[in-house]
Amino acid sequence: MCTFGLELVKVSQMSILRLPKEVAGFKAASATVCRWLKAQGQSFAKGEPIVELDSVDSLIQIEAAESGTLTQIIAAPHATVLLGADLAEFTSGNSSPEAQVSHPTQGVAAMSTSAPTGKVTPILMPQAGNTMEEGRIVKWIAKAGDRIAVGQVICEIETDKATIEFESTDAGRLARIVAKEGDVVAVKQPIALLAESDSDLQSTGSASAVASAPAPSKPTAKPPTGKVVPVLMPQVGNSMEEGTIIKWHVKPGDVIKLGQIIFEIDTDKASVEIEATQEGRLSKIVQQVGAVVPIKQPVAFIADNDADVDAYLESGDTPAAVAAPIGGSATQAVPVNSSVAAPAARSGDGRVKASPAARKLAAERGLDLSTVATGSGPGGRILTTDLAHASQASTAKSATPSATTTGVVVRKPMSKMRKAIATNLQVSKQTIPHFYVRLTINADPLFAFYRAQKPATGCTLNDVVLLAIGKTISEFPAFRSRLEGNDIVEYPNSNIAVAVSVEDGLVVPVLMTLERHSLSTLPAESRRVVENARKGKLENIGKAVFTISNMGMLGVEDFSAIINPPESGILAISAVREDVIVKDGAIRAGKVMSMTLSVDHRVVDGALAATFMAKLKERLEKPESLLA
């Protein structure tokens, strides 16, 4: 957590706490108010923390630049505020609270004109993992009226991966439970309130209002009268910073269901179909096809009433970028039929820069991407929208410039995907203490088993190895764990990522619950996931606990792989090859296969890694056990 001071603006006897327009630590143009550390009417000293804000990737604490008394909170908890926005009003010095509150309170306290008599602290739905967007309350262990301590387990929450026991991050009296058992609550939304007295809750209004209605950030703004849920640009992968919308599958007025595909985006690595994480009526789309949107910024809003969304946008609680009207976007696509068409942008290897979806559409239409003008995507990348008016190209394609054809050194910028791969793996190699365990197995039984099972199941050798790894990982909790912050988080299933080579680099789609598969179900599922990845549609990104990288089909005899954080390890699989096998003093020719395990030493120790590899070797040399 980092801290910084606030900009102070004097207005008569009143002062304004204002978020600076430029703040180190913010990657976005806005932040979300997590909680106020001081209640209205309370005094504070210079340098004392007043409020906590959540930026794109960090929690930032605000300190008072001078002493005073907080008289009015303008930006209430869970409100989104722009840089430069007003947060609160205060009076300088240590004047009595009664003398300072001369008008009704705003924000969360808008339902009551009396200042709270004590501090009210919301307990928020935690984000247990990078992919978690909501959680379901399974069971409350604490009850209203109980006094709870920091670290005390107060409830059980079901996430997208597991059921966890939630420990309180604050101490105090549990005054009200906002989310009941069975309720599904978005991350960083209140599930309960701490207060010494129930009368202190009057300033927060009803529990439902606290949980659902974003408070206005300006005293003059009209607050929404109903629930407004923003649909955000997701972060698909650790390196993603922005996404380009390439298609909407729904339109304003449609009622969407949980898990329904609502739009497609183009990321730095692939095109991804985005599923709805909330149910309801899609009221307004604020980012159109072709728009490039930073992660965690709104692209649409769910609401029963369009007027509620209009009020929400007018209140200033959302970044200016989303204020674009329907039919337009904050970042417009470059017309492909421009009178002066710039040449298509090319990646570091000379290929035309285009999204997987655009390549597929171009192939279907018989289009030569090199004849299309510079695309509207990041770095001139061609999107499907850029092909709308493109004419069919001749069969002859222009030669790719290279050092050998031009006779000179050719310098080209790295593609978006190569930059993402470079950043992620460089951080992994520099920050994760890798160590390696290598084994060579007798592959004769494995190869014979694969050949025998192939006619009935359609399996590949890789499918057999995958199944063995999935079943082995299910027996080793440390290999089903990820290092998330300072916590080692153990997951219940063998969700394994498979490294897949694509035209612009490498992607890692994920096979879920691999230990539950058999040789009759795994081949079709692995084939589907890999083929979708090569078409640009990645599945279950960010949900893996472990990765495999198989270069056996390329004839590689031995290699080591770099861990994909925050996973605990990655297994490099080499080719099945002929070699000399020595056993009990006898020498014979046979097939062998080498494997190298790369492990995060912070999660897994050497002895455990060796035991894991020995168990995997046993399964692969006796593959009939996979049929059990």
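The model is predicted, so local features need pLDDT of at least 70 and side-chain atom pairs count only at pLDDT 80 or more, while totals for chains, interfaces and linings use all residues. Residues are numbered from 1 along each chain as its sequence is written, and side-chain values use heavy atoms, leaving out hydrogens and water.

With a relative accessible area of 58%, V582 is exposed (exposed is over 50%, buried under 20%, partly exposed in between, with a 1.4 Å probe and protein chains only).

Turning to helix α6 (residues 416-431), its 16 residues should span 22 Å at 1.5 Å a residue, and the end C-alpha atoms, 23 Å apart, agree with this; the expected span is 1.5 Å times one less than the number of residues. The buried residues of α6 are M417, A420, I421, N424 and S428. These residues lie on the same side of α6 because they cover an arc of only 95° around the axis, the arc being that of the directions from the helix axis to the C-beta atoms. The buried residues of α6 pack against β27 (434-442), β31 (500-502) and β32 (505-507), where contact means heavy atoms within 4.5 Å.

Helix α7 (residues 444-457) holds Q453, which counts as buried at 18% relative accessibility. Leaving aside residues up to four places away in sequence, Q453 touches G458, C459, L519 and L627.

Note on methods: Helix = DSSP H or I, 4+ residues; strand = E, 2+ residues; numbered from the N terminus.
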